[in-house]
Amino acid sequence: MKDFDDIFKQRLEGYEMKLPDTDRDAFLNRQATRERFARRRRTYLSIAVGLPAVAAIIMALVFTISLFSKQDDVPVNNTQTPAVQEQVIPAQGNEGIAEDDADIMICIDGDDHWVTLDGDDDWGKPMETSVLSQSPGEEDVFLVVEESPEFPGGTNALMGYLRDNMVIPDSCRENIIQGRVLVTFIVEKDGSITKPVVVKSVNHLLDAEALRLVSAMPKWKPGRQNGQAQRVKFTIPINFRLDYYKNRTKATATESAVEDIMASTKDKTF
Amino acid sequence: MRTEQELVRLCTAGDREAQGELYAQYASRLYALCYRYVADREEAQDLMHDAMIKAMDSFKSFIYSGDGSLYAWLRRLTVNVVIDRLRQMSKLRLVPLDQTMETGNPETDEDAADDIPAQVLMDMVAALPSVRRTVFNMYCIDGFNHKDIAAAIGITEKGSASILAKARAQLKSQVNDYLKRTGR
């Protein structure tokens with residue numbers, strides 16, 4: 001057995017893989033930001049404590065405003081034609097995720113969990129979107145509701161559904177293309193799914209499969225606000241993972257498929 | 001080029017240039033190491049950054065003991081970071097259900113196997129189920145024993161040995177397939 005191990009050990013120990021050219025700067029920036037932050041940590045500690053309170057106040061304000069504007073009952077811009085349903089499939093990359101160049105970094109617990117905000121003036125921004133008009137003439141889409149929409153049978157059933165129905169295209173299997181596709185969609189008042197959009201892409205084939213899976217879901221239990229069914233935006237990660245090498249036909253669901261399903265309501269990065 | 005000790009000292013002091021040099025020397029090796037465990041480029045990149053940054057913070061526990069000791073130290077630290085992450089993601093708690101790997105493969109021709117490109121071997125390792133991959137990497141490549149592995153990922157020593165046997169069997173059939181395909 002020793003000889004067989006050596007085939008791998010000799011070649012892979014100390015093996016080098018090429019990194020993207022931008023990676024070095026990304027690393028150095030990250031380290032620089034950390035060092036800068038370590039010096040200022042004490043100053044920001046008070047902000048970290050105050051943030052939840054501020055967030056709660058802003059949330060309450062936005063919600064109140066939204067209630068008022070709904071009572072007006074005058075659709076804005078309703079002269080425009082209804083928006084065409086579009087699917088945006090952005091290029092690979094981390095859209096919308098603020099990273100190293102953030103102006104403020106707030107450490108919430110210990111060293112590992114960072115909240116970054118883009119600039120001093122943007123504090124309210126993630127909150128303002130908690131009720132957002134998707135396009136002119138359409139009804140409001142909620143990001144946060146009292147009662148989240150739910151896949152029939154709950155999160156585990158959703159994972160089971162994705163696992164059982166996932167078809168990884170052969171060409172992805174052969175070229176070992178795998179990864180996590182993030183899809184957002186809207187759960188309508190009747191529980192149907194509309195506007196699935198890939199927000200984090202891996203490969204066009206996997207993106208298409210993710211959209212297929214999402215579109216083919218059975219009707220959800222709609223989200224509710226004040227007991228009224230509402231349209232709610234939801235995001236799920238779909239993990240495509242190959243367990244076997246190339247031509248193996250037996251790509252089992254063991255260990256594969258889906259991890260932590262989360263509602264967009266819990267994830268403010270989008 | 002600076003000596004390893006000097007490099008470490010400057011990096012700790014926040015010298016950007018030294019940190020760049022540290023990166024230039026070790027990043028692609030540590031990146032490949034991470035990829036070997038997680039089989040995902042983006043995640044490997046992320047882990048490599050985490051490990052290097054952790055290294056910056058804990059250089060004071062590094063003891064120089066000859067050339068190459070910095071890499072050995074970095075490598076150990078990186079493996080720990082990777083195992084921690086795998087454990088966090090609870091990827092390691094799931095032991096694969098599929099049991100019967102075909103055993104009794106014909107002997108592999110080790111000499112012919114020497115010609116297999118390293119990236120192909122890498123892909124074979126990457127394609128193992130995650131538990132097998134972790135055990136194989138730790139035992140066969142990074143030099144841990146079954147006791148270390150059992151403690152690190154929370155399985156028994158016996159379990160570790162049996163997972164290793166399956167990993168080997170699976171890799172062996174991959175290698176033989178590859179040799180057959182390429183006509184050797």
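**Figure 1. Strands β5(A) and β6(A) pair in the antiparallel sense in this predicted model.** Five bridges link β5(A) to β6 of chain A, residues 193-200. Val183(A) has Val198(A) as its bridge partner in β6(A). The two strands form a hairpin, with five residues between them. Gly191(A) lies in the turn and has a positive phi of about 90 degrees.

**Figure 2. Strand β5(A) also pairs with strand β9(A).** β5 of chain A covers residues 179-187, and β9 of chain A covers residues 232-240. The two run antiparallel and are joined by nine bridges. Arg180(A) is bridged to Asn239(A) in β9(A).

**Figure 3. Chain B is built from helices, with zero strands.** Its secondary structure comes to nine helices. From the N terminus on, the order of elements is α-α-α-α-α-α-α-α-α. Chain B has 184 residues, and 39% of them count as buried. Among its contacts between residues at least 6 apart in sequence, 68% join residues at least 24 apart.

**Figure 4. Helices α8(B) and α9(B) cross at roughly 105 degrees.** Helix α8 of chain B spans residues 146-153; helix α9 of chain B spans residues 157-181. Their axes come within 8 Å. Angles of 65 to 115 degrees count as roughly perpendicular, so α8(B) and α9(B) are roughly perpendicular to each other.

**Figure 5. Residues at the contact of α8(B) with α9(B).** From α8(B) come His146(B), Lys147(B), Ile149(B) and Ala150(B). They meet Glu157(B), Ser160(B) and Ala161(B) in α9(B). The contact residues divide into three nonpolar, two polar and two charged.

Notes. Residues numbered from 1 in each chain as written. Chains lettered and ligands numbered in written order. Predicted model: local features only at pLDDT ≥ 70, side-chain atom pairs only at ≥ 80, totals over all residues. Axes fitted to C-alpha atoms, helices over the stretch in contact; angles between N-to-C directions. Helix = DSSP H or I, 4+ residues; strand = E, 2+ residues; numbered from the N terminus. Parallel < 35°, antiparallel > 145°, perpendicular 65-115°, else oblique. Contact = placed C-beta atoms within 7 Å. Nonpolar A, V, L, I, M, F, W, Y, C, P; charged D, E, K, R; others polar. Pairing = 2+ DSSP bridges. Buried ≥ 20, exposed ≤ 12 C-beta atoms within 10 Å, placed from the backbone.
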